[in-house]
Structure formats: structure tokens, C-alpha cells
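Subject: Structure handover and findings

Hello,

Here is the structure for you to look over.

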Amino acid sequence: MSVAPARDPQASGSLARGVLALLLLVLNTLFWCSLLFAAALVKLVLPFEAARRRLDPLLNAIATGWVSGNSAWMRLTQRTAWALPALEGLDRNSWYLVSCNHQSWVDILVLQRVLNRKVPMLKFFLKRELLYVPVMGLAWWALDFPFMRRHSKAALRRDPALRSQDEATALKACEKFRRVPTCVMNFVEGTRFTAKKHAVQASPYRHLLKPKTGALASSLQALGPQFSSMLDFTIVYPEGVPTFWQFLCGGTPRIVVRCTHRPVPSITAASGDDASGRAALARWLAEVWEEKDREIDAVLRGTAAPPRAA
């Protein structure tokens with residue numbers, strides 16, 4: 001007679017935790033999105049500047065409620081130890097340029113928790129394909145998130161004019177942010193870090209992909225004078241980068257977040273018509289990325305100064 005293998009209680013608990021966290025995430029999203037879509041419908045019916053100026057703060061307030069709800073279910077279901085920066089002197093009525101390394105979809109939840117109610121609503125560039133994601137695609141559209149149709153390097157070599165189309169799309173999207181204080185978020189690597197992508201790029205960094213200037217330059221051209229400062233975040237998962245499901249199941253023991261306040265780069269350096277200026281911006285960003293790479297290495301080696309525990 002065969003004996004059934006013993007069930008791992010830790011694995012069962014992780015599954016239950018993940019299912020509960022996912023359920024709470026879905027319920028929180030559906031609740032706030034129902035309010036968001038109602039306000040977005042009014043925005044669609046009344047596409048006037050005066051109406052948009054009144055509706056945009058309401059839409060952002062609803063999104064802030066969603067982020068607060070996410071922080072609540074994370075506190076309830078996760079045992080993650082958070083080491084967070086002391087973000088002082090920030091203003092919810094100012095504009096900020098935000099950058100960060102990118103490893104997982106969890107990064108977005110991390111940044112939202114860190115910045116929620118300290119600065120204006122965090123908005124970031126999205127691939128155009130994400131517009132068709134159920135529920136969230138419509139929510140991102142209602143909140144004026146910039147959707148980008150990114151062309152491959154091969155396509156750009158065949159038709160250099162496509163680069164101007166990408167820049168014009170980004171510029172138009174960013175100009176919507178002039179109406180209401182906003183944090184414009186850039187994952188300047190352009191994609192999530194993987195060992196395969198790192199090898200294909202022959203990246204000079206140990207823990208990062210090569211940074212790109214496109215979205216950053218567009219943000220500076222559209223809103224440069226309005227940005228108070230640049231908030232440069234570094235996210236480290238010392239026990240390994242989790243998938244979204246692993247995070248929901250409680251498989252992320254620690255998250256370390258660092259933030260460096262940087263002066264906003266020169267608008268001239270971001271000009272798409274100035275090759276030397278764009279090269280200067282690329283050199284500056286490469287220096288930032290070298291510093292970030294060393295910081296990640298120090299955290300992983302345990303030699304970094306400990307940040308404030310949350």
C-alpha cells in the first residue's frame with residue numbers, strides 16, 4: 001500500500017496567503033476603478049479644459065485611494081521587512097522627476113507605497129500594448145498615463161523618422177501633466193532586468209541594464225522648469241527578485257529602497273535636435289547608473305550603511 005506524501009504546511013500557508021492577497025488586490029481595484037470610470041466618463045463627455053482641470057485632481061485622489069488600499073492589504077498579508085529612505089521635505093503641490101531601476105512588476109507597488117501621499121500621483125510611461133489590459137488599461141488611460149509605441153532599433157535604422165514620432169508622442173503625453181502637480185516616473189532601462197537581457201546587451205553594469213534617455217528627455221522637454229528635483233530610487237531584493245505571484249505568497253523577506261535627491265538635468269541636454277546635448281544627457285545618466293550599480297552591490301554584500309527600517 002502506497003503512502004501519500006506529507007503536505008508541506010509552509011507551502012500550503014504560502015498558497016493561502018497568495019490567494020488572500022490576490023483577492024484583496026482584486027476587490028480593492030474593482031472598488032476604486034468603479035469610481036474612477038464614473039469620473040472618466042464625465043471627462044470623456046466634457047472634453048473641455050475647464051472641466052479637465054476640475055476632474056483631474058478627483059481622478060488622482062481616487063487613484064491615491066487605490067494605492068492606500070494596496071498598502072493596507074500588503075501590511076495585512078505580507079511579512080516583508082521594509083528598509084525605506086527617510087523622505088523629508090517633499091511637497092504634494094510640486095512636480096517631481098522620478099527614476100528607478102526595474103526588475104519586477106513588484107517595483108511599481110514598492111514605489112507607490114514609498115511615495116503615496118508624500119508627493120503627487122506617480123505616473124509612468126507604458127507600452128501601448130498595455131492599453132488593452134482589462135480594467136487597468138482603461139484606468140491608466142483615464143489617469144493620462146503616457147502610452148508609447150516603441151520601435152525597435154532595426155525599425156529606427158530603416159526609418160529614422162520613427163524616432164521623431166516616438167518623441168512627439170511622449171512630449172504630447174507629458175504636456176498633459178502641466179495642469180496638475182505630478183510625479184513623472186521613468187524606468188530608464190526600458191524593460192525589466194533579466195540575466196539574458198543583461199548578456200545580450202553586454203551591459204557594463206553588474207546589476208543593471210543600460211539606461212536609455214528617450215523618455216527622460218521627453219519629460220525634461222515638456223516639464224523641465226516645473227520639476228522641483230529628481231528623486232532617483234534604487235530597489236534591492238536581497239534574497240532574490242520575486243515574481244508578482246511570489247510576492248503575493250509572502251516570498252519576499254526583505255525589500256531595501258534607497259533614494260538620492262538629484263538636481264534636474266539641463267533641458268538643453270535633453271533636446272532631441274541637439275546631438276551633443278543628448279550625448280551629454282547620456283553621459284550624465286551613465287554616471288548615475290554607475291553609482292546605482294555600486295549601491296546595489298553594497299546592499300547585497302551587506303556593506304552598505306543601513307537605511308531606516310519601516
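This is a predicted model: local features need pLDDT of at least 70, side-chain atom pairs count only at pLDDT 80 or more; totals for chains, interfaces and linings use all residues.

Residues are numbered from 1 along each chain as its sequence is written, and side-chain values use heavy atoms, with hydrogens and water left out.

**Salt bridges**

The count is nine salt bridges (a side-chain nitrogen of Lys or Arg within 4 Å of a carboxyl oxygen of Asp or Glu). R262 pairs with D232 at 3.0 Å, N to O. R262 sits in strand β8 (residues 254-262) and D232 in strand β7 (residues 227-236), 30 residues apart. Helices (H or I, at least four residues) and strands (E, at least two) are DSSP runs, numbered from the N terminus. R262 is buried at 12% relative accessible area, and D232 is buried at 2%. The cut-offs: buried is under 20% relative accessible area, exposed over 50%, partly exposed in between (1.4 Å probe, protein chains only).

R262 also bridges to E291, with the closest N and O atoms 3.1 Å apart. E291 lies in helix α11, so this pair ties together parts 29 residues apart in sequence. E291 is partly exposed, at 34%. Shared partners join D232, R262, E291 and K292 into one network.

**Helix α11 (residues 275-301)**

D293 belongs to this helix. D293 is buried but has no salt bridge; R206, the nearest side chain of opposite charge, is 6.0 Å away. For charge, Lys and Arg count as positive and Asp and Glu as negative; His and the chain ends are not counted. Beyond four places in sequence, D293 contacts Y205, R206, H207 and L208 (contact: heavy atoms within 4.5 Å).

W284 is partly exposed, at 23%.

**Helices α2 and α3**

Helix α2 (residues 49-77) packs on helix α3 (residues 106-115) at about 105°, with axes 10 Å apart. Axes are lines fitted to C-alpha atoms, for helices over the stretch in contact; angles run from 0 to 180 degrees between N-to-C directions. On the α2 side, the contact includes W66 and W73; α3 supplies L109, Q112 and R113. Nine of the 10 residues of α3 are buried, so the helix is largely enclosed by the rest of the structure. R117 follows α3, with a positive phi near 65°.

Best wishes
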